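Visitor: Please take me through one part of this model in detail. I would like a single helix, seen in the setting of its chain and its partner.

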Amino acid sequence: MRLQPLIFQGFISKGTTKSVERHFSFRSHFGLISVSFHDEFSGGLVLDLAKRSSGSCVSHRHVIRIFGVKFAPKKIACVDFCANLSRMKESPPKHKGRRGRPRTVEEPVRISPRFPASTAALLEKASALRGLTVTGFILDAARAAAERVVADETRWQLDEDETKAILKLLANPPKPNAAARKAAALAADVVIRS
Amino acid sequence: MSSFALELLDATHDRKGFHSGLDAIDLYLKETARGHTDKGVSLTWVLVNPDAAPPKPILGYFSLTPCMVEAAGWPHVPKGLPRNPVGAVLLGRMGVAKSIQGVGLGTRLLALARRISSDSLAGTGRIGMVVDAATVELIGFYEKFGFRRITPDSRRLFLPTRSLVQPPGD
């Protein structure tokens with residue numbers, strides 16, 4: 001099996017992406033491709049690109065563009081993707097005798113936020129230290145922050161004092177006081193529609 | 001004829017027109033609440049006039065989120081909470097429109113949040129209601145209704161399920 005460098009421009013057809021947070025598949029002109037992102041692997045971003053329906057995998061370095069985000073392996077410390085390249089051809093999609101309009105492909109979108117120069121420099125330095133592209137770095141950081149927000153919202157980790165305080169309250173629940181009873185009476189005529 | 005109606009947030013409500021005076025409270029309603037309510041992450045209930053026509057002005061709102069409370073694994077912590085996280089409900093955000101603050105809508109909203117939560121709390125073995133007061137000044141508001149601060153330097157308060165449920169005959 002001979003490996004050939006491959007510029008994958010990520011032709012993503014409409015309606016075929018499954019945007020499950022870290023794992024999705026899409027139809028490209030190579031066929032159905034599933035991608036999973038792993039973070040926290042040697043501090044870098046690892047991209048597994050595996051062609052479904054094929055068992056054999058090889059590793060190679062490539063430029064990949066997914067959802068308009070360009071992953072340049074040179075800059076990413078450990079981009080590693082497995083794909084059966086022998087079956088992948090760089091030819092454009094063929095419309096095998098299909099009638100009607102050729103299938104439209106969704107153009108990747110590029111977003112370019114503007115940062116203050118000092119922030120941009122800092123981002124560049126930090127991402128270089130981690131061996132990531134700036135985009136990869138921002139994505140990583142943003143996801144970590146988002147996960148923290150979700151965890152904070154739905155999980156309350158008690159420290160020792162808090163545990164004691166909660167236990168004390170649970171053992172001795174205060175009775176609804178006069179203010180609470182009055183409030184309940186005040187709200188008694190509110191209709192709840194759901 | 002009732003004075004107000006409480007509804008689950010949907011497209012008929014005027015989210016953009018809601019101003020409470022606290023940006024975080026307004027922003028959540030404007031940008032996050034619909035998505036969370038649709039996905040069931042947390043439910044946002046809004047207080048409206050019962051005969052308002054869409055887009056219905058929002059007089060006040062609160063959001064309820066199921067949350068997990070995890071006890072510290074310290075060896076000398078007294079027994080009582082299981083090691084596994086236990087369920088509670090979080091009254092994450094609550095706000096009243098600035099133009100009608102001071103007439104008891106917050107009191108009504110809190111009572112409604114308790115009414116809605118108490119059945120499911122008692123029925124599913126959740127330990128109580130957690131409240132995040134939006135500002136330090138609002139801590140006293142919740143304390144008035146029995147909520148207790150867990151640590152002196154936090155805006156988080158707690159009320160056990162058994163305190164939420166109105167004992168019969170009261």
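Guide: Chain A has four helices and twelve strands, where helices (H or I, at least four residues) and strands (E, at least two) are DSSP runs, numbered from the N terminus. The model is predicted: local features need pLDDT of at least 70, side-chain atom pairs count only at pLDDT 80 or more, and totals for chains, interfaces and linings use all residues. Residues are numbered from 1 along each chain as its sequence is written, while chains are lettered from A and ligands numbered from 1 in the order in which they are written.

Chain B holds four helices and nine strands. From its N terminus the order is β-β-α-β-β-β-β-α-β-α-β-β-α. Of its 170 residues, 38% are buried. A residue is buried if 20 or more other C-beta atoms lie within 10 Å of its own, exposed if 12 or fewer, and partly exposed in between, with C-beta atoms placed from the backbone. In chain A, buried residues make up 18% of 194.

Now the helix itself, H1 of chain B. H1(B) covers residues 23-39. Its 17 residues should span 24 Å at 1.5 Å a residue, and the end C-alpha atoms are 24 Å apart, so the two agree. The expected span is 1.5 Å times one less than the number of residues. H1(B) also bends, by about 55 degrees at Thr32(B). That bend is the angle between axes fitted to the seven residues ending there and the seven starting there.

Four names mark the buried residues of H1(B): Ile25(B), Tyr28(B), Leu29(B) and Ala33(B). An α-helix has 3.6 residues a turn, so residues three or four places apart point the same way. The buried residues of H1(B) pack against strands E3 (43-48), E5 (60-70) and E6 (86-96) of chain B. Just after the helix, Gly40(B) takes a positive phi of about 80 degrees.

E5(B) leads on to the partner chain. Three bridges join E5(B) to strand E11 (residues 155-157) of chain A, and the two run parallel. Two strands pair if DSSP finds at least two bridges between them. Glu70(B) in E5(B) is the bridge partner of Gln157(A).

Across the whole interface, 42 residues of chain B are in contact with 36 residues of chain A. Contact means C-beta atoms, placed from the backbone, within 7 Å. H2(B) gives the most to chain B's side, with six residues.

Notes
Two residues are in contact if their C-beta atoms, placed from the backbone, lie within 7 Å.
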